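Hi everyone, thanks for coming.

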Amino acid sequence: MEAYKKLPGLLTSAHAASGSVPVKLNGVTKWPGSTTEPETPIEKVTTYNNYYEFGTDKDDPSKNARNFVTSPWTVSVEGEVAKPRKFSMDEIMKLAPLEERIYRHRCVEAWSIVVPWIGYSFSTIVKLVEPTPKAKYVAFETYYDPRQMPLGGEAGIQLPYVEGLRLDEAMNPLALLCVGMYDETLPNQDGAPVRMVIPWKYGFKSIKSLVKIRFMKDQPQTTWEMYAGGSEYGFYANVNPNVDHPRWSQASERRLGPGSGLFTPKIKTQMFNGYGDQVASLYAGMDLRKNF
Ligand code: MTE
């Protein structure tokens with residue numbers, strides 16, 4: 001992250017040039033809406049990962065993403081916008097004040113974590129590029145390089161990993177453009193250098209290592225919708241304890257914490273992962289069984 005050195009005061013570390021090692025983020029403010037639930041220890045969040053490009057076992061990404069090159073990095077914003085542009089990571093770090101937001105993160109596999117993410121509302125980017133009246137959806141794409149991600153070819157999903165939101169969902173202040181966690185820049189296995197975090201949706205919507213954002217008139221295809229003919233994972237993927245996955249219940253979840261394991265008692269899953277006050281109105285009148 002050679003370029004980060006040009007940001008006086010924001011990053012301080014001798015490791016800044018490597019692009020692989022998280023560095024401290026300074027000047028981060030505390031967002032008032034954070035959950036007060038205990039944070040999951042960083043050791044868990046950085047070793048129990050889903051990042052299929054680096055392997056499908058939970059400990060694969062932490063081992064295999066070590067040398068992932070994340071600098072230089074640009075995010076291209078295109079499609080139905082008046083002002084398409086490419087943002088360098090330097091620019092992304094400075095578009096808005098960085099906030100620490102402690103969110104619950106609920107994976108569709110029925111485990112959950114509590115993470116102090118760092119970033120700002122994705123709406124910051126939306127406002128800068130000025131969507132045209134035709135823009136109704138936003139599509140997201142992860143970087144994909146089979147040379148750096150040789151296990152991606154065996155993951156059983158189509159890559160590059162793609163995701164999407166309705167434009168009004170993307171504009172919701174909770175939708176986070178995330179550049180760090182636990183006071184530092186993102187570790188590679190958690191989606192360095194920049195990812196989305198959508199706390200009311202299953203974790204697979206929170207796409208990692210973002211390189212492309214496209215505003216569209218039609219609903220974009222998403223990686224996990226393409227899997228199993230769309231029967232297992234939907235476009236909306238709102239956390240919903242009342243709609244089970246075809247192969248398991250979504251009524252409860254295993255919260256990863258110190259010493260947690262298969263026998264740790266499960267906790268109840270909350271509708272919209274507990275963020276209903278902020279997001280339920282987005283889905284007024286929709287059948288959430290059909291739009292799962
Ligand atoms: N993004 C990409 N590019 N590839 C992935 O495999 N996995 C998703 C999501 N984003 C995934 C991804 C899933 S299933 C989850 S639960 C979260 O990332 C996990 O994020 P974490 O490893 O930082 O906890």
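Let me begin with a definition: two strands pair if DSSP finds at least two bridges between them. Helices (H or I, at least four residues) and strands (E, at least two) are DSSP runs, numbered from the N terminus. What you see is a predicted model, where local features need pLDDT of at least 70, side-chain atom pairs count only at pLDDT 80 or more, and totals for chains, interfaces and linings use all residues. Residues are numbered from 1 along each chain as its sequence is written.

The protein chain has seven helices and 15 strands. Our strand today is β8, residues 137-142. Which strands does β8 pair with? One is β9, residues 162-166, which runs antiparallel to β8 and is joined to it by five bridges. The other is β13, residues 210-216, also antiparallel, with six bridges. Take E141 as an example: its bridge partner in β9 is V162, and in β13 it stands opposite K212.

Now, is β8 buried or exposed? A residue is buried if 20 or more other C-beta atoms, placed from the backbone, lie within 10 Å of its own, exposed if 12 or fewer, and partly exposed in between. Six of the six residues in β8 are buried, so the strand is largely enclosed by the rest of the structure. Y137, A139 and E141 cover one side, while V138, F140 and T142 are on the other. Across the protein chain, buried residues make up 42% of the 292 residues.
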